[in-house]
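Here is a short briefing to read alongside the structure. Please keep the viewer open as you go through the points.

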Amino acid sequence: MKTERKCDTAQVNIDLFLLKGWKVMKRVIVVGSLNMDMCINAPYCPKGGETLTGGGFMTNAGGKGANQATAAGKLGAQVSMCGCVGEDSFGDSLLESLRTSNVDVRFIRRQKGVCSGVAVILVTGGENRIILDKGANACLCEEDIDRILETAQAGDIYLTQLENPVRVIGYGLRRAKEKGLYTILNPAPADLAAAEFFRYADLITPNESELEILGGKEKIFSAGVRTIVTTLGSQGYEIADEKSAKTYPCLRVHAVDTTAAGDTVCGGLATELARGASLEEAMAFASKAASIACTRKGAAQSVPTRKEVENFRLE
C-alpha cells in the first residue's frame, strides 16, 4: 500500500529560503504603551509659578511601545503590538497611526471608561522633558499578553518597556522567554522594581541615566542579563557583555527633537535582529535610523522609513 505524503507549503517555502541562502525573517512583538503626545517648544524650562511663551505646538502619536512598534514597522519588520487605549478620539488616532506604519493592531485592547495615555512634552534646545498620564496603559494585564503570545513562534523578537504595570511587563518577559523568544527590555522609565525580571531579558537597552538608576552594568549582569546596549546620546552607544565592552560612534547631525530617538533605536534593533543581522550590524542600522529621527519634530512621525535610512548620506 502506497502512503501519500502531504505537501506542507509553508515548510517548502522555508526550505527554498534556506537552499538559496535567504534569511527567514522572524516576527517582532512589541508589548507596551500608547500615548497621545502634546508637544511645545520653549526657550528654557520655566520655574515654579512662571508663565512662559512657547511655540510650535503639535499633537502626535507616541508612547514608548507605540513608537518602537512604529519604528519596526517603518523599518521593514513584520510587527504586532499589544497594549491598551481608551474608547476616545485619542485611541482612534493612535490605532490609525500604527496601521499606517504597517503595524498589526489586533492585540491592542480598548478599555472602557478610561482615557488613552497622554504625554505632555516640553522641548528646549533640542532636549525634551516629559510628563505622563498613563490612562489606559495602566490597564494592561496578563491576559492581553497571553493572547498575543499564543501566536508567537520560538525565535521571534519580543520587545517591551516599563510604561505599563511592572508586574505585567515582568510576566510578559517570563512567558516570552519560556516560549523561546529573544527578549529585549528597554528599561524606560527606569524602575528598580523591574530588577527581579531582568533574568528573563536576553538584552537590556538603557540610556546612561537609566543605567545609573538601575545600579550599573555589574548589577544588571548579576541579575542574569547577558548583553547590555547603552545609548549615549550624541556620543553613540556601547555594547557590553560580562567579558568586554565597546563604544561605537553615531552620525553627527543637527538635533531638532530627540523625543523618539531611543525608541527608534529599539525598534530598529529588533527589526534587524529579526532579519538575521548580528547585534553589531543591527545596532549600526538602528543608530543611523535614530540619528535621522533626531533631525525631525515629533515622536512616531519622526521615524524614518527603511529606504530613507539606506539612502541617507551626510551632506
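Predicted model: local features only at pLDDT ≥ 70, side-chain atom pairs only at ≥ 80, totals over all residues.

**Backbone geometry**
- Most peptide bonds are trans, and most residues other than glycine have a negative phi.
- Pro189 belongs to the loop that runs between β9 (182-185) and β10 (203-204).

**The loop between α3 and β5**
- Asn102 sits in the loop between α3 (89-100) and β5 (103-111), and Ser101 is found in the loop between α3 and β5 too.
- Asn102 counts as exposed because its relative accessible area of 53% is over the 50% cut-off.
- Ser101 counts as buried because its relative accessible area of 5% is under the 20% cut-off.
- From Ser101, the side chain reaches the backbone oxygen of Ser97 at 3.1 Å.
- Setting aside neighbours within four places in sequence, Ser101 is in contact with Thr70, Gly73 and Lys74.

**The β12 and β13 hairpin**
- Strands β12 (residues 237-240) and β13 (residues 245-248) pair in the antiparallel sense, over 4 bridges.
- Between the two strands of this hairpin, β12 and β13, there are 4 residues.
- Opposite Glu238 stands Thr247 in β13.

How values were computed: Residues numbered from 1 in each chain as written. Heavy atoms only, no water. Buried < 20%, exposed > 50% of the residue type's maximum accessible area, 1.4 Å probe, protein only. Pairing = 2+ DSSP bridges. Polar contact = N/O pair within 3.5 Å; in protein donor to acceptor, adjacent residues only side chain to side chain. Contact = heavy atoms within 4.5 Å.
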